[in-house]
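Here are a few notes to read alongside the model. Keep the 3D view open as you go.

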Amino acid sequence: MNSPEHYMNIALALAEDGAAVGEVPVGVVIVKDGEIIGRGRNYVEELKDPTAHAEMVAIRDALKSVGGWRLTNCEMYVTLEPCAMCAGAIVHARLKKVYIGTADPKTGACGSVMNIPADSHLNHHPEVVTGILQEQCSSILKNFFSKLRRTK
């Protein structure tokens, strides 16, 4: 069984792929029984689609592998704390556990601004683990936005 850091490094590589084409660098892998069944990075700019977040892309990819709409007993590794839309999808897809690289103090919905996975009104509560390769996950975002500000 691989470590959370192993899977987060793969998610970071996906984030870097997105940054290379001008997407906000967020990467995701979904793992079941030690095997990656879903991968995603942001495609918002490329597809002109506000729902094309890395988490949504990875969930859709993983669902193809399981042949249904539930990702029970699956784990998500995401470089940036999910937003409300993605946190809602995580709950609805029944993911077992979410490993987060770095917090999002502006729109994070897994503990920073709100905490959708822990909301007692909802019927599923994935376990959330934060701070996996936090420095690397934070750095890729800081570098991306720093370069973006310099080009404007």
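1. How many of the 7 residues of strand β2 (residues 35–41) are buried? The count is 5, so to speak a mostly covered strand. Buried means under 20% relative accessible area, exposed means over 50%, and partly exposed is in between (1.4 Å probe, protein chains only).

2. A word on where this comes from: it is a predicted model, where local features need pLDDT of at least 70, side-chain atom pairs count only at pLDDT 80 or more, and totals for chains, interfaces and linings use all residues. Numbering starts from 1 along each chain as its sequence is written, and side-chain values use heavy atoms, leaving out hydrogens and water.

3. Now look at what β2 does with its neighbour. Strand β1 (residues 27–32) pairs with β2 in the antiparallel sense, over 6 bridges; pairing takes at least two DSSP bridges between two strands. Val 31 sits opposite Ile 36 of β2. The two strands make a hairpin with 2 residues between them, and Asp 33 in that turn has a positive phi of about 50°.

4. Zooming out, the protein chain has 5 helices and 5 strands, in the order α-β-β-α-α-β-α-β-β-α from the N terminus. These are DSSP runs: helices are H or I with at least four residues, strands are E with at least two.

5. Across the protein chain, 46% of the 152 residues count as buried. Among contacts (heavy atoms within 4.5 Å) between residues at least 6 apart in sequence, 57% join residues at least 24 apart.
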